[in-house]
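Subject: Structure handover

Hello,

Here is the structure I promised you. Please have it open while you read; my notes follow below.

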Amino acid sequence: MSKQAMIEAKNLTIGYGDFDLLKNTNYVVNESDIFIIMGSSGCGKSSMLRVLTGLLPPKEGKVIIDGVDMQNAPTKQIQKIREKSGILYQSGALFSSMTLAENIALPLEQYSDYSPATIKELASLKLALVGLKGFDNFYPSEISGGMKKRAGLARALALDPKILYFDEPSAGLDPISSRNLDDLIIEINQSLGTTIVVVTHELASIFAIGNNSIFLNGATKSITARGDPKELLKNPPNQEVYEFLTRGEKNATK
Amino acid sequence: MSDDMKISKSDNVQIFAKNGVLQVVFCADVENTSYDIFEKDFLNTLNDNIKTIKIEAKNLKNWDSSLLLMVFKAIEYAKKNNIKYDISSLPDNLQNLSDLAFAVDRKPTKNTKTRLPFLDNVGFKTILLCRTISGVLTYIRNVLSSLGRLISLKSVMRKVDFLAALEECGPKAIAIVALISFLVGLILAFVGAVQLQTFGAQIYVASLVTIGMCRIMGAIMVGIIIAGRTGSAYAATIGTMQVNEELDALQTMGISKFDFLVLPRFLALIISMPILTMLADIMGMIGGAFVGVVLLNLPAQEYWKFAFNAFTLKNFLVGIFHGFCFGIIISLCGCYSGLNCGRNADSVGISTTKSVVSAIVWMIVATGIITVICQELGI
């Protein structure tokens, strides 16, 4: 049975001011995919994520999420989609004046009808899910970088999102923490069926978690490869993708 | 210059010119060598007969980046002037390093900034100004909408954030406000006393200090202290949240940053500023009394009698109103600067400075406007 399209980018042009980063890009992220947006530094990966999450309006084209045109739909409909999306930022982006439990409770207080006691318990549960059981009353400044990312993930999971976005999840993490986070991403995807979009250029993560991907090329301002990263490594469509996926091997490809 | 001669005065860096070949020889230790001297000798040696530059090393022991710089510059000169060069007798590591220095990964992007003609520049600046004004008006509209949501009980402002902001700009500011206001009252009394003494009217120092502090000086001093202390903290806190992507997180969670960040700070300041102004008025009067009674030897009872006679509810309320307006201005300027902060550490510093400067400028403008209105209304 074919999967349903969760995110569709149609003729998307992204840029700032007069400068275009990517032009006329099209791709589809299917339900329950772990979709990797990869490419070299400065090619527009993070900007693409900002467009998908509504932080940056596209210059042209549109993003359709779960059937809703995010550029033209009524605000309430867009808000509903946003409520069903969670984002883990590079730094975790936890609110420093709040404890971990309060950080996680914030979206629940905003969008759910749960009682304060239930919200507190749910916050504890989400923290336990990411391996931070008992850290409810810790402040972000009292935990390590890897734990901050886990707590950020717990907050992203607060509203049981249908889509989870990750911006460079491995950045600044040691190999073991990075691997643990990858395992967590796979676990969430398999257990909850969440569609996951990851922006990264960490090869180990790309091959460990990704089952679909696009490769952004900053020079041509376009998508130059798409598909399962492992397949792309076996049959690289161009030299740039080959070099990227092999950490700079110069062997010519087909 | 004759051919076939040693040019360089240095023993470790020798430059020879012979049969159209310029030979640069590095010997023994080449560390901390002045590039300026090398460049001078090197350029002096070059002439139209030089067809090849040969760079060699003899018994080279210790060397540092100054040697690499000389090699790099010599090769660069050769390439630029289409002169052959030979570095094959240099040690492998030096050859590799010089190759690395010339390996261009990516061409630098051409700087597209061009100087605009005068009229274009005026137009461009006008558009920028219009955008800024539009941005400020949108910001004020958003703050008012947020206030509206608070009144209609739909705001997501957290009570704990409001109380924390209130504590920060209220009780925690009392000591500094009290001290500065006491000193301002003291200074005001001193300056006034010097002039009033010439008429034998020192006792009117009490009236001068009371009217001055209650009507305007108390509020202005509190405004300046709070702009520097609290307004800048607002800008820095919110600016840092911008850098740490916390504002993005709020936006993507669909939580209004005006309800969550601006409103608690705004309310805290408009509540605490009038109270701090009252405190400043009292402390200023005490400062004046200190000068009058202790230093000018005026009878205390007499001093306070004149002070209370000069105290009017009208002046007091004008001062409190100033404080209230300054509270609005400081909170709006601080939060605006924070929300419009860039995404790096520098930007936080810039937005902090902007918040203080703009708050003080707008406080002075507001004082002017209030003074004119009071004058017109006969207050």
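Two strands count as paired if DSSP finds at least two bridges between them. Helices (H or I, at least four residues) and strands (E, at least two) are DSSP runs, numbered from the N terminus. This is a predicted model: local features need pLDDT of at least 70, side-chain atom pairs count only at pLDDT 80 or more, and totals for chains, interfaces and linings use all residues. Residues are numbered from 1 along each chain as its sequence is written, and chains are lettered from A and ligands numbered from 1 in the order in which they are written.

Chain A overall

Chain A has nine helices and 10 strands. Its radius of gyration is 18 Å, close to the 18 Å that the globule rule gives for 254 residues, so chain A is as compact as a globular protein of that length. (That radius is taken over C-alpha atoms; the rule is 2.2 Å times the number of residues to the power 0.38.) Along the principal axes, the C-alpha atoms of chain A fill a box of roughly 60 × 45 × 40 Å.

Of the 254 residues of chain A, 44% count as buried. Buried means that 20 or more other C-beta atoms lie within 10 Å of the residue's own, with C-beta atoms placed from the backbone. Contacts are defined by distance: two residues touch if their C-beta atoms, placed from the backbone, lie within 7 Å. Take the contacts in chain A between residues at least 6 apart in sequence: 64% of them join residues at least 24 apart.

The four-stranded sheet

An open, antiparallel sheet of four strands in chain A has the order β2-β1-β4-β5. β2 (19–30) and β5 of chain A are at the edges, each with a single partner strand, so one side of each has no neighbour in the sheet. Helix α1 (residues 45–52) of chain A packs on this sheet and touches β1, β2 and β4 of chain A. The direction of α1 makes about 120° with that of β1(A). Axes here are lines fitted to C-alpha atoms, for helices over the stretch in contact, and angles run from 0 to 180 degrees between N-to-C directions.

Now the pairings. β1 (residues 5–16) and β4 (residues 60–65) of chain A run antiparallel, joined by five bridges. Lys10(A) is opposite Lys62(A) in β4(A). β4(A) also pairs with β5 (residues 68–69) of chain A, again antiparallel, over two bridges. Ile65(A) has Val68(A) as its bridge partner, and Ile64(A) stands opposite Asp69(A). β4(A) and β5(A) make a hairpin with two residues between them. In the turn, Asp66(A) has a positive phi of about 50°.

The six-stranded sheet

The other open sheet in my notes has six strands of chain A, ordered β6-β7-β8-β3-β9-β10, with mixed pairing. Its edges are β6 (85–88) and β10 (222–226) of chain A; each has a single partner strand, so one side of each is left without a neighbour in the sheet. Neighbouring strands are turned by 20° against each other on average, direction ignored. β9 (residues 212–217) of chain A pairs antiparallel with β10(A) over four bridges. Phe215(A) is opposite Ala225(A) there. Helix α5 (residues 145–156) of chain A lies across β6 and β7 (163–167) of chain A, at about 170° to β6(A).

Chain B

At the interface, 11 residues of chain B are in contact with 14 residues of chain A.

Best wishes

Conventions:
Buried ≥ 20, exposed ≤ 12 C-beta atoms within 10 Å, placed from the backbone.
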